[in-house]
Amino acid sequence: LDKLFVPCDFTGKKILITAGPTREAIDPVRYISNHSSGKMGYAIAEAAEKRGAEVTLVSGPVALLPPLGVETVRVESARDMADAVLGAMDTADIIIKVAAVADYRPADSRDKKIKKKDQTGEDLSINITENPDILRAVGKKKQHRFVAGFAAETNDLVENATLKMDRKNLDMIVANKVGVEGSGFEADTNKVTFLFRDGTRRDVPLMDKSAVAHALLDEIGIRL
Ligand code: CTP
Ligand code: CA
């Protein structure tokens, strides 16, 4: 029924969206991750599908059901996500990277469970190494594609997000305030600012993630 009340302005468009956190294995039972719930990325996938797009959602581990009508690819680590995204981007018209990719992973993930000091006699230390920047790789080979990123920031929101947009060669970045009540990780609402390559800026009031998703698609729609 919803379909009757939303525009079908993305009919014929292929949209690739990433959502959720990634998990970087320390050993078979432990991992490094972050507080991303996947709600914002899933809301965009759902909204885009309703507006007629053909949507592929590459999702890290989240507790959400795959949106109806959306091809959902589940991944665990940043390297898995990189493979899935770089493999699917060729056929995409629009790429929206909402995922909170873990910036670091354990340099060597153990294949056996790490035991406590009373059994090993050694203090535990974990060497970490940097993950590939997926969005930066996407930006490098974007060509005609419209590429949007998210920037999770606790401070200097607009400045930091603008730097990321430039560094990663994006058309747009969503500056996302995190670490405050009602916005960012795990919340059902979000407080964002849209920033565009041409210097345009739109401050969006605190809204439901689904309303933020539609506002984001409105902005992309007029720029295609
Ligand atoms: N991103 C990515 N691959 C990474 C890290 C980030 O694709 N290894 C993407 C995210 O999906 C997001 C954007 O880059 O769309 C910005 O992520 P963010 O964590 O805010 O920025 P970073 O470049 O990782 O910088 P920092 O965490 O140091 O602020
Ligand atoms: Ca990061």
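Predicted model: local features only at pLDDT ≥ 70, side-chain atom pairs only at ≥ 80, totals over all residues.

Student: Which residues lie nearest the centre of the largest pocket?

Tutor: Those are A99, A100, V101, F150 and A152, out of 37 lining residues. Looking at elements, α1 (39-50), α4, β9 (146-153) and β10 (172-177) each give two or more residues to that lining.

Student: How do the residues of that lining divide into nonpolar, polar and charged?

Tutor: You get 17 nonpolar, 11 polar and nine charged.

Student: What volume does the second largest pocket have, and which residues lie nearest its centre?

Tutor: The volume is about 240 Å³. Its lining has 14 residues, with K39, A43, E46, K209 and S210 nearest the centre. Both α1 and α6 (209-223) supply at least two lining residues, and α1 has the largest share, with six. By type, the second largest pocket's lining divides into six nonpolar, two polar and six charged residues.

Student: Now the helix. Which residues of α2 are buried?

Tutor: First, the general idea: an α-helix has 3.6 residues a turn, so residues three or four places apart point the same way. In α2 (residues 78-88), the buried ones are A78, M81, A82, A84 and V85.

Student: And what covers the buried residues of α2?

Tutor: The cover includes the strands β1 (14-19), β2 (24-27), β4 (54-59), β5 (71-74) and β6 (94-97), along with the helix α4 (134-140).

Definitions and conventions. Residues numbered from 1 in each chain as written. Chains lettered and ligands numbered in written order. Heavy atoms only, no water. Buried < 20%, exposed > 50% of the residue type's maximum accessible area, 1.4 Å probe, protein only. Helix = DSSP H or I, 4+ residues; strand = E, 2+ residues; numbered from the N terminus. Contact = heavy atoms within 4.5 Å. 1 Å grid on protein atoms, 1.4 Å probe; cavity = no way out; pocket = protein on both sides within 12 Å on 5 of 7 lines; lining within 4 Å. Nonpolar A, V, L, I, M, F, W, Y, C, P; charged D, E, K, R; others polar. Points joined across faces, edges and corners; volume = space filled by probe spheres on them.
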